[in-house]
Amino acid sequence: MSKHTFSIGGVHPHDNKMSRECRIEPLPLAPTVYISVAQHIGAPAVPVVAVGDKVKVGQVIAEPGGFVSAFIHSSVSGTVKSIGPRADLSGRPSTHIEIAVEGDEWLETIDTSDTLVTEIPADNKAILDKIRMGGVVGLGGATFPTHVKLSPPPGSKCERVIINGCECEPYLTSDFRTLLEKGEQVVVGAAILKQVMGGVPCTIAIEENKPEAIAHIREVIGKLGFSGIEVMEMKMMYPQGGEKQLIDAVMGRQVGSGALPISVGAVVQNVATALAVYDAVQKNKPIVDNSVTITGQCAPKQANLLVRVGTPLRYILDYLGGVPENAAKVISGGPMMGRAVANLDAATVKGTGALLLLTEKETRRAPESHCIRCGKCADACPMGLEPFLLNKLARAKDWDAMEQNAAQDCIECGCCLYSCPAQIPLLDNIRIGKGIVLGNIRARAAAAKAAAEAAKASADAKK
Ligand code: SF4
Ligand code: SF4
C-alpha cells in the first residue's frame with residue numbers, strides 16, 4: 001500500500017536516529033530546579049507561592065495569566081528559594097521559581113502507580129477541566145494550551161483527531177520511545193481526545209522508519225479494544241509532522257493561510273501530549289516531567305531521559321559525562337527547527353524534547369554565494385512559498401511586500417535553507433521578516449478592534 005504524505009515540497013535529510021535504542025531512563029533529581037512561568041504560548045502564569053514556602057511534586061505554583069495560558073506545577077518537593085527573572089533557553093529573561101529539592105514527595109491526589117487505567121470518565125467537561133488543571137500544553141513544539149485547542153469556536157466542528165507520531169526531525173527519538181514504552185497510555189490518551197471531540201475517528205500517524213512503533217501501537221489498539229482508532233503509516237519525508245502537512249497527508253485537506261486546523265475539521269495533538277492527557281485525566285498527574293533526547297555526533301552519551309521540568313541543561317549533560325570539548329553548539333530541538341541554546345544554565349521547560357550537540361565542523365556554514373535562480377528552495381517549500389523572493393524582500397526590509405507574499409505562512413521548517421546550493425541563510429532572513437509581518441498584522445487587528453469599540457461606545461452614547 002502506498003504510504004501517505006503531503007502534496008507540496010519537503011526534503012529527505014538523513015534521519016540520524018542515533019538514540020533510537022536508548023530506553024527512557026529517569027534522570028536523578030537535580031539539587032535545584034528553576035521553573036519558568038512562561039513555558040507556553042499565551043500569557044505567562046502568575047506565581048501563587050512565596051519564598052520560603054514548602055511545595056510537593058504536582059502542586060500548583062503558578063496560575064494561568066489569561067484565557068490562553070496554563071497552570072504551572074512544581075516538578076519537585078522542596079523549598080521555594082527565589083522568584084524572579086532568569087535567562088531562559090534563548091537567553092531572554094523571564095520569571096522563574098527557584099526550588100531547592102528536598103526528598104521526592106508527591107501530592108497524595110496523584111496516582112504514581114504503574115497501573116493502566118483504561119476506563120474513560122463519561123463527563124467531557126470534567127475531562128477538559130482535568131487537562132486544564134494539569135497544565136497540559138502541546139508538546140510537539142507549539143506549547144499551545146491543550147484545553148483551548150480542544151474547545152473549537154462556535155460553528156466549527158472536529159471531524160478527525162490526528163495523533164502526530166511522525167517525529168520527522170532528524171536525531172529525535174523521544175516520541176518513538178514513548179510509543180514503544182508507553183504505547184498503552186498514548187492510545188488511552190488518544191481515546192480520551194477522540195471522546196472529547198465527539199467520538200470522531202482518530203488517526204495515529206507514524207513514519208515508516210519506525211516499524212516497531214507501528215506494529216506495537218496496532219497491537220495495543222487491538223488489545224485494548226478501542227474502536228475508531230487507526231494507525232496510518234506515513235512516508236519518511238520532512239516536515240511530515242508539520243501540522244498543516246499532516247492534515248494534508250491524512251485527510252487530503254489544505255488549511256488556508258492564517259486559518260486553524262479546525263477550519264478543515266482537524267485537531268492535531270502530538271504523542272507526548274496524548275500521554276500528558278492520559279496522565280492528567282486518568283492519574284491526576286500534571287506535567288512535571290518530559291522525555292528528552294540527548295544526542296548528536298559529539299553527545300557525551302546517546303540517551304532518552306525522563307527529566308523534571310526546570311532541570312538545568314548543564315546538570316543533564318554533566319550526568320551523561322559533561323560537555324565534550326569538541327561540542328560547539330547545543331540545540332534545543334532538532335537540527336531543522338531547533339534553536340541554539342544561549343546558556344547551559346538555563347532550565348528545561350515542558351516543551352523541551354531534545355538537546356542536540358553539534359561539533360564546530362557541523363555548525364560551520366559554507367560561504368554564501370549569489371542566488372543562481374535554480375528554484376530548489378521553492379520546490380522544497382511545503383507551504384508553497386517562494387523563499388528566494390521572501391529572502392530578497394527581507395533584506396530590502398520591504399515588510400508590506402513580504403506580507404503580500406505570505407511570509408506569515410512560513411512554518412520555519414528550514415527546507416529552503418537545506419536545499420539551497422548557494423548557502424544563502426534563507427530561514428534566518430525570512431524568520432526576521434515574518435516576525436515583523438506578524439507584529440504588523442497583530443497591530444492592525446488591535447487598532448481595528450479599538451476603532452470598532454470606540455464607534456460602538458459613541459453610538460451607544462447617542463442613544
Ligand atoms: S522555512 Fe519557510 S520559506 Fe523556508 S521552506 Fe520552510 S516554510 Fe518555506
Ligand atoms: S535555492 Fe538558493 S540559489 Fe536556488 S533559487 Fe533558491 S535562493 Fe536561489
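**Questions about a predicted model**

Biologist: The crossing of α4 and α5 is called right-handed. What makes a crossing right-handed?

Modeller: This is a predicted model, to begin with. A crossing gets that name if the near helix is turned clockwise from the far one by less than a right angle. The crossing of α4 and α5 is assigned to that class, right-handed.

Biologist: How do you know which residues of α4 and α5 meet?

Modeller: Residues are in contact if their C-beta atoms, placed from the backbone, lie within 7 Å. On the α4 side that gives G183, E184 and V187, and on the α5 side H216, I217, V220, I221 and L224. By class, this contact has five nonpolar, two polar and one charged residues.

Biologist: There is an open sheet with the order β2-β8-β7-β4. Which of its strands are at the edges, and what makes them edge strands?

Modeller: The four strands of that sheet pair in the antiparallel sense. β2 (32-36) and β4 (54-55) are the edge strands, as each pairs on one side only.

Biologist: What makes β4 and β7 a pair?

Modeller: Pairing requires at least two bridges between the strands. β4 and strand β7 (residues 78-87) have two bridges, in the antiparallel sense, so they count as a pair. Within them, K54 stands opposite T79 of β7.

Biologist: And the sheet of three strands: what is its order, and which strands are at its edges?

Modeller: That open sheet runs β3-β5-β6, with antiparallel pairing. β3 (46-47) and β6 (72-73) each have a single partner strand, so each has one side without a neighbour in the sheet. Strand β5 (residues 60-63) pairs with β6 over two bridges, and A62 has I72 in β6 as its bridge partner.

Biologist: What makes a residue part of the shell around ligand 1, and which come closest?

Modeller: The C-beta atom, placed from the backbone, has to lie within 6 Å of the ligand. Around ligand 1 there are 15 such residues, with C381, C410, C413, C415 and C416 the closest. The largest share, three residues, is from α14.

Biologist: How is the shell around ligand 1 divided by class?

Modeller: There are 13 nonpolar, one polar and one charged residues around ligand 1.

Biologist: How is the chain divided into domains?

Modeller: Domain 1 covers 124-283 and domain 2 covers 376-443. Their contact takes six residues from domain 1 and seven from domain 2. On the domain 1 side, two are nonpolar, four are polar and none is charged.

Biologist: What makes the bond between Y238 and P239 cis?

Modeller: Its omega is about 0 degrees. Most peptide bonds are trans. P239 sits in the loop between β11 (229-234) and α6 (243-251).

Biologist: And what makes N284 stand out?

Modeller: N284 has a positive phi, about 60 degrees, although it is not a glycine. Most residues other than glycine have a negative phi. You will find N284 in the loop between α7 (271-283) and β13 (289-295).

Note on methods. Residues numbered from 1 in each chain as written. Chains lettered and ligands numbered in written order. Predicted model: local features only at pLDDT ≥ 70, side-chain atom pairs only at ≥ 80, totals over all residues. Nonpolar A, V, L, I, M, F, W, Y, C, P; charged D, E, K, R; others polar. Contact = placed C-beta atoms within 7 Å. Domains from an automatic or database assignment.
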